[in-house]
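Reader: I'm new to this one. Can you walk me through how its parts touch?

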Amino acid sequence: MKPSRSNSWSDPDRRLELALRAAASVSGCVVLLIVLFVLWQALPALRDIGLPRFVADADWRPTSDTQPQFGMLPMLAGSGLVTLGAVLLATPLAVFSAVLVEFYVPRSVAWLLRRLLELLNGVPSVVFGFWGLVVVVPLINAWQPPGQSLLAGVLVLSLMLIPTIALSAAVALRDDAGDLARSAAALGLDRGAVVWSLAVPRASRGIGGGVLLGAARAVGETMAVVIVCGNIVQVPASLFDPVRTITANIAMEMSYATAGHRSVLFATGLLLILVTGFLVAASRLLSRRGARA
Amino acid sequence: MAVLCAVAFVVLVSGCGTEDSGRAASRDEAVSEVSATSVETQSVRLSGKLTVTGSSTVAPLAAEIAKRFETEYPEVRIDVQTGGSSRGIADALSGVADLGMASRAMKTDEEGQGLIGHRLAVDGVSIIVNSENSIDGLTKQQVVQLFTGEITNWSDLGGSDAEVVVVNKAEGRATLEVFLNHFELKNEQIQADVVVGDNQHGIKTVAWNPLAIGYVSIGAAQSEADLGTPIRLVPVDGVEPTAANVASGRFEVTRPLLIVSKGEPVGLAAAFLEYAMSPTVHDLIKAQGFETVAQ
């Protein structure tokens, strides 16, 4: 039933509705304005340099006087590989934690684990980055210098993704598969069968949504990767090679960039918006279908 | 979703943020100039707002000077923003900031556009290694070989048998330009293993990596080393990277720390500049590890 509509300002419900509408449109507009601003700033680069050169140029030398080059493939590869590695590493760990929290431990322990995951989710990324620099990087450095590498980025980032993926996987397991699991348990199926043959497959779309959400976070992550990835513009030949991600490139060069260089950086930002937006939309779509199935 | 987008692009937004606030400040500029010139005739009572942007090396010093200036003239507010030398020069040129800060010498085309660089102090750029590294001196030639990848193992220089990790600065940084100029290198020649942003990023990277070699501002490096950070400033061709050697001119990898103005400054900007160039602030300059300049 729809709430009755009255245009009178004395109706508190109507006033609340207007306030909510205003608040919602402000946050919607901000996102839209950011996208428009980035697009506007990126236009000169897209017009004067053009998309083909972003792919075709061999190097990234935006400030060269003689022959500026704007090849972005190495940084695309950097962002892609760091994200892929982190998602691959974090997903099993996160799904196992979610299963543990939902099915295997008493309620009080589950509560504690959930709070811990939320806490991990709230740790600022610069803290993860510094931790990576003083713990992870020296370990890798002792093995394969220079230490600041694709591997360091993957390890640190995967730790940051675990809570994101685990918390959404737990929600999917509870909401999409909770009833099914309880019915199956009531029929006398053992816990292993309930969890792995019924609940996890049933919640797989929701879990997939969580994984994509994690990937979106990984693509956009900046501070931690700047600190631990080494920031060399190259397509890495091994896990031990340093890489520069698109976000790291923007963070390192934006405040020093002028005119054309700045515009190119905005163009890469626009690309990031598109990728993140796509991942978030795909995540939504997956989770919603999962819930309906 | 909104939150995620916002997180991903916080960098972009902050990038524009500085510019926007700078623009807002330039509107205030007219006001500040009027009040400053009018009070100048009545002497001593300065008021208004001044925006200073630019080099991350100069900014901490400028902020200290500004703080002292504000205590002497309580009606003045000085806003010091960091953004790199290039931005400092661009902002001074466009009028977005009243004064710019740069940690490198002005280029001729910049001077041609009417910019004046006022030498506030001198800073050196020193080679640094981790304190575990046994190397106690390098020649200019060896530095070039290390950074261009001709020497890739510390044992070639009498150190332990371990790979060299070359730490370079990101494009556009003044320290990078000073380093490249002095060692007659092009950025493309450098075989870097790690690229860092500001001085602190460079110092932390070398402090946590026993194999690393990098270069940073002497002021920043010395104060960190004094605090016990495990880095060592390495003499090149026998010249110790100390403030005293920078002052005497023996240490050659130096750069001027400049306050940049478009034309001769007037009003509040002129008063602040005069204050910053006066011996009153020499203790602040020394405290930052920089050298003063004879006026």
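Author: What follows covers the two domains of chain B, then the side of chain B that touches chain A. This is a predicted model, where local features need pLDDT of at least 70, side-chain atom pairs count only at pLDDT 80 or more, and totals for chains, interfaces and linings use all residues. Residues are numbered from 1 along each chain as its sequence is written, chains are lettered from A and ligands numbered from 1 in the order in which they are written, and side-chain values use heavy atoms, with hydrogens and water left out.

Reader: Okay. How is chain B divided?

Author: Into domain 1 (49–122 + 255–292) and domain 2 (123–248). The bounds come from an automatic or database domain assignment. The C-alpha centres of the two domains lie 27 Å apart.

Reader: How many residues does the contact take from each domain?

Author: Domain 1 of chain B gives 14 and domain 2 of chain B gives 15. Contact means heavy atoms within 4.5 Å.

Reader: And what area is buried between them?

Author: About 1000 Å², with carbon and sulfur atoms giving 53% of it. Buried area is the accessible area (1.4 Å probe) that two parts lose on being put together, summed over both.

Reader: Switching topic. How many residues are in contact between chain B and chain A?

Author: 38 residues of chain B and 43 residues of chain A. The two chains bury about 3400 Å² between them. Carbon and sulfur atoms give 68% of that area.

Reader: How many salt bridges across that interface?

Author: The rule finds 0. Which element gives the most to the side of chain B that touches chain A? That is H2(B), with 6 residues. H2 is helix 10–42. Helices (H or I, at least four residues) are DSSP runs, numbered from the N terminus.

Reader: What classes do the residues on that side of chain B fall into?

Author: 19 nonpolar, 11 polar and 8 charged. Ala, Val, Leu, Ile, Met, Phe, Trp, Tyr, Cys and Pro count as nonpolar, Asp, Glu, Lys and Arg as charged, and the others, Gly among them, as polar.

Methods. A salt bridge is a side-chain nitrogen of Lys or Arg within 4 Å of a carboxyl oxygen of Asp or Glu. Helices (H or I, at least four residues) and strands (E, at least two) are DSSP runs, numbered from the N terminus.
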